[in-house]
Amino acid sequence: MDRAWPMIQLLLPALVAAAWGAQPRTPWAGTDLLNICVDAKHHKTKPGPEDKLHGQCTPWKEKACCSGSTLGSRELHKDTSLLYNFTWEHCGKMEPAYKRHFIQDNCLYECSPNLGPWIREVDQSWHKERFLHMPLCKEDCQQWWEDCHTSYTCKSNWQRGWHWTSGINKCPAGTTSRTFETYFPTPAAQCEGLWSKSYQASNYSRGSGRCIQMWFDPAQGNPTEEVARFYAMAMSAGALPRGVEPLLLSLALMLQFGILG
């Protein structure tokens, strides 16, 4: 049991997601989960080079799921992007440090071809797939919260529930603009709650090969490739012994509900 525990911990997010009905694109697909793009509104069908990526999206120019076209990476840097008509400034002007994290978040979502292990099928009008429970490096999660916790928002889940009659997202009736810290009292609450569990707050650090960095220095290589490869192979390894899936799923659910403390 002690030797199996690290694998159970690594597989836990995928198992819990499956338990709640979020199905992987190709269950236990191993290397098939590498170098793919999510099936969503503005993503390319296959990753490829993009010499004209803009600003904070440029690290992905060698192999990108986003484009450098007019409705591409430049729009991801605007306060109100035409890609989704979504504004971060729904409760007032954002500070540059605050804005930087959301641009990086956008670039990772739109551009990265290395998030296959966390792609899940969904039935929504603007995308057929999404990411779920990606392990975000603890430094990224912590810094995102520290730079944003004094800014203002009116919701703890930005994935749904906005008022759209003006054409862009507005705070729904009955909500109040308060500091991020009010809606997200901890870094984990923000990283996990903001986009409906797209991220999972990880205890792993940058450079560990076990967590996703929202941004990286392209001169040092893309660390997400190693992370995706590790989790894809872990998922494949977890599928090999016959009959082990129900055991792992039961353990995942027991942990989820605190039965094992």
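The buried residues of helix α2 are Tyr98, His101, Phe102, Ile103, Gln104, Asp105, Asn106, Cys107, Leu108, Tyr109, Glu110 and Cys111, where buried means under 20% relative accessible area, exposed means over 50%, and partly exposed covers what lies in between (1.4 Å probe, protein chains only). Since 12 of the 16 residues of α2 are buried, this helix is largely enclosed by the rest of the structure. Helix α2 runs over residues 96-111 and reaches 22 Å from its first C-alpha to its last, close to the 22 Å expected at 1.5 Å a residue, the expected span being 1.5 Å times one less than the number of residues in the helix.

The structure is a predicted model, in which local features need pLDDT of at least 70 and side-chain atom pairs count only at pLDDT 80 or more, while totals for chains, interfaces and linings use all residues. Residues are numbered from 1 along each chain as its sequence is written, and side-chain values use heavy atoms, with hydrogens and water left out.

In outline, the chain has 7 helices and 8 strands; helices (H or I, at least four residues) and strands (E, at least two) are DSSP runs, numbered from the N terminus. Of the 261 residues in the chain, 47% are buried, and the chain exposes about 13,000 Å², of which carbon and sulfur atoms supply 53%, with accessible areas taken from the Shrake-Rupley method with a 1.4 Å probe and, for residues, only the protein chains shown counting as cover. Among contacts (heavy atoms within 4.5 Å) between residues at least 6 apart in sequence, 65% join residues at least 24 apart.

Ala232 is found in helix α6, and at 0% relative accessibility it counts as buried.

The loop between β8 (199-201) and α6 (223-239) holds Asn222, a residue that is buried, with a relative accessible area of 18%. Its side chain makes a polar contact with the side chain of Asn114 at 3.3 Å, a polar contact being a pair of N or O atoms within 3.5 Å; within protein, one atom must be able to donate a hydrogen and the other to accept it, and residues adjacent in sequence count only if both atoms are side-chain atoms. The side chain of Asn222 also reaches the backbone nitrogen of Thr224, at 2.9 Å. When neighbours within four places in sequence are left aside, Asn222 is in contact with Trp60, Asn114 and Phe216.

In one of them, the side chains of Arg206 and Asp140 meet at 2.7 Å, N to O. Arg206 lies in the loop between β8 and α6 and Asp140 in helix α3 (residues 138-148), so the pair ties together parts that are 66 residues apart in sequence. Arg206 counts as partly exposed at 38% relative accessibility, whereas Asp140 is buried, with a relative accessible area of 6%. Lys44 forms a salt bridge with Glu50, their closest N and O atoms being 2.9 Å apart, and Glu50 counts as buried at 16% relative accessibility. Another salt bridge joins Lys93 to Glu89, with the closest N and O atoms 3.8 Å apart; Lys93 is exposed, with a relative accessible area of 66%.

The backbone deserves a look as well. Asn35, in the loop between α1 (5-19) and β1 (80-81), has a positive phi of about 55° although it is not a glycine, and it is partly exposed, with a relative accessible area of 38%. Ser196 has a positive phi of about 55° and is not a glycine either; this residue is found in the loop between α5 (187-193) and β8 and is buried, with a relative accessible area of 11%.

Confidence is the last topic, expressed as pLDDT, the predictor's confidence in each residue, from 0 to 100. The mean pLDDT of the chain is 79, and 74% of its residues reach 70 or more. Among the elements of the chain, strand β5 (residues 134-136) has the highest mean pLDDT (95) and helix α7 (residues 244-256) the lowest (47). The pLDDT is below 50 over residues 16-22, a stretch that has 13 contacts in the model beyond near neighbours in sequence. Over residues 239-249 the pLDDT is also below 50, and this stretch has 9 such contacts. Where pLDDT is low, the predicted coordinates should not be read in detail.

How values were computed:
A salt bridge is a side-chain nitrogen of Lys or Arg within 4 Å of a carboxyl oxygen of Asp or Glu.
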